[in-house]
Amino acid sequence: MADLTRMIEIAPSILSADFAALAGQVAQIEQAGARFLHIDVMDGHFVPHITLGPLIVQALRPYTQMIFDVHLMIERPERYIEDFARAGADHITVHWEATRHMHRLMQQIKAAGCTAGIAFNPATPVTGLEFVAEHLDVVLLMTVNPGFGGQTFIEGMLSKITQMSRGLPDWGKPGCLLQVDGGIQVGNIARVVQAGAEILVAGAAVFGQPNPAGAYVALRAAALANRV
Ligand code: DX5
Ligand code: ZN
């Protein structure tokens, strides 16, 4: 019989990791059971900070089997899709606000051999997805304004998550997942899961903790306990 329970995954974000010891940090959470590694790419234009590029993704690739979930917070991401795919990205998320030709970009990500996601900033309404649904694997709702780790979850996003999780079956292709990113921690993960989120990014709440593996396990347990 098919397993109909809703998928819940924690995707630790390396933004809060020790960049001088990345491979070891990543190994810790992989051993603890993490399947997704969230990689935040910032360009100093779409968001104020600059973080990392394909070279770091490529350097990390031999050290882990985890699914590389690359979140491009960059302007005109169409310029770099193939570079990140070649470096080892499995999934690439681009921002609705960062490109003009989203349909073509979705096709480009697929042609590069990756699954595709679209991210929406907190103030961006979610519209138009039915026109790219055939290519879309993940919808990412930002629950902070992108650009920094360790920010406070925006409570008003709970209703956006609820609305989206109810709407997804109407326009999304089967299996399209709802991801949330920003400010997720042990104190609010229950509410976020209850609202319908399926992939939960967590940076400060995992790699910002003294014991990232233990923090990952605790977050996952809290999320699973509240699966609806
Ligand atoms: C924010 C990034 C997030 C960030 C989340 O711009 O997209 O992925 O790392 O970090 P926390 O969980 O610390 O808010
Ligand atoms: Zn992110």
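This is a predicted model: local features need pLDDT of at least 70, side-chain atom pairs count only at pLDDT 80 or more; totals for chains, interfaces and linings use all residues.

An oxygen atom of ligand 1 lies 2.9 Å from an N or O atom in the side chain of serine 13. In total, 20 residues surround ligand 1. The closest of these are Asp40, Gly147, Gly150, Asp181 and Gly203.

Next comes the sheet. It is open and built from eight strands, in the order β1-β8-β7-β6-β5-β4-β3-β2, with parallel pairing. The two edge strands, β1 (9-12) and β2 (36-42), each pair on one side only. Averaged over the sheet, neighbouring strands are turned by 25° against each other, direction ignored.

Two of the strand pairs can be followed in detail.

How much of β5 is buried? Five of its six residues are buried, so the strand is largely enclosed by the rest of the structure. Threonine 115 belongs to β5, but this residue is partly exposed, with a relative accessible area of 34%. That value lies between the limits of 20% and 50%, which is why threonine 115 counts neither as buried nor as exposed. Leaving out residues up to four places away in sequence, threonine 115 touches Asp90, His91, Ile92, Ile109, Lys110 and Asp137. Its C-alpha is also 7.6 Å from that of leucine 136, a residue 21 positions away in sequence.

Helix α4 lies across β4 (91-95) and β5 (115-120), and runs at about 145° to β5. Helix α7 (residues 212-225) packs on the sheet too, where it touches β1 and β8 (199-202). The direction of α7 makes about 150° with that of β1.

Glutamine 108 sits in α4, which spans residues 102-111. Is this residue buried or exposed? Glutamine 108 is buried, with a relative accessible area of 18%. Its side chain reaches the backbone oxygen of glutamate 78 at 2.9 Å. Apart from neighbours within four places in sequence, glutamine 108 is in contact with Glu78, Ile81 and Glu82.

The cysteines remain. How many disulfides does a search of the whole structure find? The search finds zero. For cysteine 114, the closest cysteine sulfur is that of cysteine 176, and the 16 Å between them is too far for a bond. A disulfide would need the two sulfur atoms to be within 2.5 Å. Seen from cysteine 176, the closest cysteine sulfur is in cysteine 114, at that 16 Å.

Terms used
Residues are numbered from 1 along each chain as its sequence is written. Chains are lettered from A and ligands numbered from 1 in the order in which they are written. Side-chain values use heavy atoms; hydrogens and water are left out. Helices (H or I, at least four residues) and strands (E, at least two) are DSSP runs, numbered from the N terminus. Buried means under 20% relative accessible area, exposed over 50%, partly exposed in between (1.4 Å probe, protein chains only). A polar contact is a pair of N or O atoms within 3.5 Å; within protein, one must be able to donate a hydrogen and the other to accept it, and residues adjacent in sequence count only if both atoms are side-chain atoms. Contact means heavy atoms within 4.5 Å. Two strands pair if DSSP finds at least two bridges between them. Axes are lines fitted to C-alpha atoms, for helices over the stretch in contact, and angles run from 0 to 180 degrees between N-to-C directions. A residue is near a molecule or strand if one of its heavy atoms lies within 4 Å of it.
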